[in-house]
Amino acid sequence: DIQGHTDNAGSAEDNMTLSKNRAKVVYDYLVSKGVNSSRLTWHGFGQTKPLASNTNAKGMAKNRRTVFVITGK
């Protein structure tokens, strides 16, 4: 599962869209390189799952990310 995330700058709605787009671009790239699309899923979580505080630039940078989650063999 490819998961997109954002910091809390901007509206929650815009961040959800951004995180979905972030994950979808990675998905599209992997499919273009030959990874079977049936092996992949993608989701956006916006600002709902921060890793760090959004009160400073360093924390916000950590929250702007795309991660891979292995869901099966």
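1. Strand 1 (residues 2-5) and strand 3 run antiparallel and are joined by four bridges, where strands are DSSP runs of E of at least two residues, numbered from the N terminus, and two strands pair if DSSP finds at least two bridges between them. Within this pairing, Gln 3 has Val 67 of strand 3 as its bridge partner.

2. The model is predicted, so local features need pLDDT of at least 70 and side-chain atom pairs count only at pLDDT 80 or more, whereas totals for chains, interfaces and linings use all residues. Residues are numbered from 1 along each chain as its sequence is written, and side-chain values use heavy atoms, with hydrogens and water left out.

3. The three strands form an open sheet of mixed pairing, in the order 2-1-3. Strand 2 (42-44) and strand 3 (65-68) each have a single partner strand and stand at the edges, so one side of each lacks a neighbour in the sheet. From one strand to the next the twist averages 20°.

4. Among the side chains, the charged end of Lys 49 sits over the ring of Phe 45, 4.2 Å from its centre (the criterion being NZ of Lys or CZ of Arg within 6 Å of the ring centre and within 35 degrees of the ring normal).

5. Of the 73 residues in the chain, 27% are buried, that is, under 20% relative accessible area with a 1.4 Å probe, protein chains only. The C-alpha trace spans about 40 × 25 × 15 Å along its principal axes.

Terms used. Axes fitted to C-alpha atoms, helices over the stretch in contact; angles between N-to-C directions. Buried < 20%, exposed > 50% of the residue type's maximum accessible area, 1.4 Å probe, protein only.
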